[in-house]
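Here are a few exercises to work through with the model open beside you. Try each one yourself before reading its solution.

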Amino acid sequence: MNSGTGIQELMAAETRASQIVAEARIARGDRMKQAQVDADELIAAYRLEQQDAFDKKANADGKSTRSGAVTCPPLST
């Protein structure tokens with residue numbers, strides 16, 4: 001094997017390695033994006049669950065308005 005062939009093989013191996021690394025980075029980015037979407041869905045579901053529980057408690061206490069918002073007692077000055 002002469003030195004020219006060895007150098008070409010090394011350059012080809014380096015190119016393949018660069019492609020593998022680039023593909024791995026893209027795949028990692030895709031996984032991170034999907035994880036963010038999944039987390040956002042979980043957060044939205046949890047937030048809705050907590051809001052429903054709060055609204056039920058507020059309605060049970062009789063301290064809600066027609067809009068569902070909790071009213072504060074007036075400040076005495």
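**Exercises on a predicted model**

The protein chain has one helix and zero strands, where helices (H or I, at least four residues) and strands (E, at least two) are DSSP runs numbered from the N terminus. This is a predicted model, so local features need pLDDT of at least 70 and side-chain atom pairs count only at pLDDT 80 or more, while totals for chains, interfaces and linings use all residues. Residues are numbered from 1 along each chain as its sequence is written, and side-chain values use heavy atoms, leaving out hydrogens and water.

**Exercise 1.** Work out what span helix H1 should have, and compare it with its end C-alpha atoms.

*Solution.* Start with the rule: the expected span is 1.5 Å times one less than the number of residues.

**Exercise 2.** Find the partner with which Lys-57 forms a salt bridge.

*Solution.* Apply the criterion first: a side-chain nitrogen of Lys or Arg within 4 Å of a carboxyl oxygen of Asp or Glu. This gives a count of one salt bridge. Lys-57 pairs with Asp-61, their closest N and O atoms being 3.4 Å apart. Both residues sit in helix H1, four residues apart, or about one turn of the helix.

**Exercise 3.** Classify Lys-57 and Asp-61 by accessibility.

*Solution.* Take the cut-offs: buried is under 20% relative accessible area, exposed over 50%, and partly exposed in between (1.4 Å probe, protein chains only). Lys-57, at 54%, is exposed; Asp-61, at 43%, is partly exposed. Across the 77 residues of the protein chain, 3% count as buried.
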